[in-house]
Amino acid sequence: MKDNHFYAMLSRMKYINRWGLMRNTRVENLSEHSLEVAFVAHALGIINNEIYGGKVNAERLAILGMYHDVTEIITGDMPTPVKYYSPVIRNAYKEVEHVAEEQMLSGLPINIRERYKGVLLETEEEEELWKMVHAADKISAYIKCIEERKTGNTDFAEAEKTIYKAICDMNIREADYFMKEYIPAYAMTLDESGSSQL
């Protein structure tokens with residue numbers, strides 16, 4: 001790739017479709033998913049601060065959410081059952097992600113590149129923030145399952161149960177709070193949610 005390709009590559013997120021093994025009533029692309037993860041991650045940070053008295057940088061969570069799947073521009077979206085099928089596949093995929101990260105970063109001048117390190121892939125320094133981003137990622141996937149169920153698509157029924165359990169098993173109080181307080185509205189129609197009163 002030529003120099004200074006980073007931002008042009010980011011614009012290609014809209015061409016990477018998710019849920020490749022599933023029948024979708026509406027295709028979801030990586031760009032849409034990343035924005036939703038950023039919204040939810042930001043919300044988890046605000047919940048941490050306002051409900052639980054924490055001091056999480058909610059804006060940093062939003063940034064991590066925006067960029068959390070950027071390497072999939074190069075790798076594509078590998079279906080979860082394949083990605084986690086065995087430790088060998090998972091470790092190999094981690095290596096591919098690192099190569100993809102380096103490829104993406106090579107599209108920036110050195111002085112700007114440093115600002116993006118630690119945003120495209122997890123770092124130990126921000127391990128706690130990345131846990132919240134993972135929770136936001138799962139919540140976004142759960143929302144997709146709800147949306148598909150609402151259209152009558154049963155292909156996501158098992159995924160919905162599995163993802164719900166995974167979110168519960170994370171034991172992240174902010175995610176539990178979001179699931180309890182905000183997820184029910186996703187199953188409502190526009191009229192039921194009260195938005196029609198606007």
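I'll start with the ground rules, then take the helix, then the rings.

This is a predicted model, so local features need pLDDT of at least 70 and side-chain atom pairs count only at pLDDT 80 or more, while totals for chains, interfaces and linings use all residues. Residues are numbered from 1 along each chain as its sequence is written, and side-chain values use heavy atoms, with hydrogens and water left out.

Okay, helix H3, residues 58-67. Helices here are DSSP runs (H or I, at least four residues), numbered from the N terminus. Ala58, Leu61, Ala62, Leu64, Gly65 and Tyr67 are buried in H3. Buried means under 20% relative accessible area, exposed over 50%, and partly exposed in between, with a 1.4 Å probe and protein chains only. What do those buried residues pack against? Helices H1 (6-10), H2 (30-50), H7 (110-116) and H8 (127-150).

Now the rings. The whole structure has nine aromatic pairs; rings of Phe, Tyr and Trp (its six-membered ring) pair if their centres lie within 6.5 Å, and planes under 30 degrees apart are stacked, over 60 edge-to-face, the rest tilted. One of them is Phe6 with Tyr7, edge-to-face at 5.1 Å centre to centre and 90 degrees between the planes. Phe6 is buried at 0% relative accessible area, whereas Tyr7 is partly exposed at 45%. Ring pairs also link Phe6, Tyr7, Tyr67 and Tyr116 into a cluster.

Methods:
Helices (H or I, at least four residues) and strands (E, at least two) are DSSP runs, numbered from the N terminus. Contact means heavy atoms within 4.5 Å.
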